[in-house]
Amino acid sequence: MKLASKPLVLAAIFCGIATTATAKEYRGWNTHPPDYPVSVALDRFSELVAERTDNRITLTNYHSAQLGEGEFATEQLQFGALDYGIFSTAPMVNTVKELGVASLPYVFKSPEHQFRVMEGEVGADIATAMNEANMVPLSWFASGSRSFYANEPLNTVEDIAGLKFRVQNSDINVAMVEALGANATPLPFGEVFTALQSGVVDGAENNWPSYESTRHFEVAKYYILDEHTIVPEGIIFAKTTWDTFSAEDQETIRTAAQEAAIYQRELWAAREAESRKIVEEAGSIIVAVDDKTPFSDAMQPVYEQFASDPVIADLLKRIQATD
Ligand code: GTR
């Protein structure tokens, strides 16, 4: 077969280069199934970016932990092996100590207070610290309050003691459970159902939608609404990827991430109510906690251990001063 003439080969090479330079695909991590509020909003984010960059930037979301469990994905992001994703910041606490302040029990007065803090000056300082670990947060999604559940009755804080709880992989979460006299077992999210079912752990802790979507309620039906943490969860890019975008594209992507977050917060409110209904109808025993003081008092050692660091102490003071 006759080889193509030199100009033709050059033209082909040139076109190849032109294609890669004008359309690039990026890989995004997500742990939740496609119909979960977080996932739906992440897909909206990708659509907005594609539309607004004339498909030059394609953000492909891999839902349902297809790219691995959270701890692994968090490391991949920090190494720049993943481009972006929607991440819970709990497993980042061990590498970015500033994030620890946002994982402290009862640090936020409400989900709205968390948004005001994370979107304000404290959030900007936390973002700067995250940049040093190769992470650029773009917007914060609703993440719900996390509460304990177990396969035996939980009516008061005393009932937590002596049980074994799965926690996210964070030193603060371990300390929190230990402060209640219980045992903490860090495990990947995707392994919790089997761990509950086989008795490796007696319980776990999470928000309404995750308690329901993972079907943990089928194997741990006692849910006590102590609402100990509201851990920030957001769209986070690897800085190594982020820095390759022009300032104009960065602006487009950041705006889309913020719009997606507003959409997600609406979806979240509806899903919280729906999840609550599903688990109640399935027989979960829900215990309301009117006075959370016994929980927050018992968790004081966590503050002594983590908030004595001057950097955390300063951020904490500023969070407490935020309305
Ligand atoms: C969920 C969160 C996930 C994951 C999970 C967990 O609420 O959305 O990203 O962190 O909790 O408990 O591991």
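Biologist: How many residues of domain 1 are in contact with domain 2?
Modeller: In this predicted model, 37 residues of domain 1 are in contact with 40 residues of domain 2. Contact means heavy atoms within 4.5 Å.

Biologist: And which residues make up each domain?
Modeller: Domain 1 is 23-142 + 232-274, and domain 2 is 146-230 + 277-321. Those bounds come from an automatic or database domain assignment. Taken over C-alpha atoms, the centres of the two domains are 23 Å apart.

Biologist: What area is buried between them?
Modeller: About 3,200 Å², with carbon and sulfur atoms giving 62% of it. Buried area is the accessible area (1.4 Å probe) that two parts lose on being put together, summed over both. In domain 1, Leu104, Pro105 and Tyr106 lose the most area to domain 2, together 22% of what that side buries.

Biologist: How many salt bridges cross that interface?
Modeller: The rule finds three between domain 1 and domain 2. It asks for a side-chain nitrogen of Lys or Arg within 4 Å of a carboxyl oxygen of Asp or Glu.

Biologist: Which helix gives the most to the domain 1 side?
Modeller: That's α10, with five residues on the side that touches domain 2. Helices here are DSSP runs (H or I, at least four residues) and strands are too (E, at least two), numbered from the N terminus.

Biologist: Switching topic: how many salt bridges are in the whole structure?
Modeller: A search of the whole structure finds 13. One of the pairs is Arg56 with Asp249, whose side chains meet at 2.9 Å, N to O. Arg56 lies in the loop between α2 (37-52) and β2 (57-62) and Asp249 in helix α10, so this pair ties together parts that are 193 residues apart in sequence.

Biologist: Where does pLDDT stay under 50?
Modeller: Over residues 1-20, for which the model has one contact beyond four places in sequence. pLDDT is the predictor's confidence in each residue, from 0 to 100. The protein averages 94, and 93% of the residues score at least 70.

Methods: Residues numbered from 1 in each chain as written. Predicted model: local features only at pLDDT ≥ 70, side-chain atom pairs only at ≥ 80, totals over all residues. Heavy atoms only, no water.
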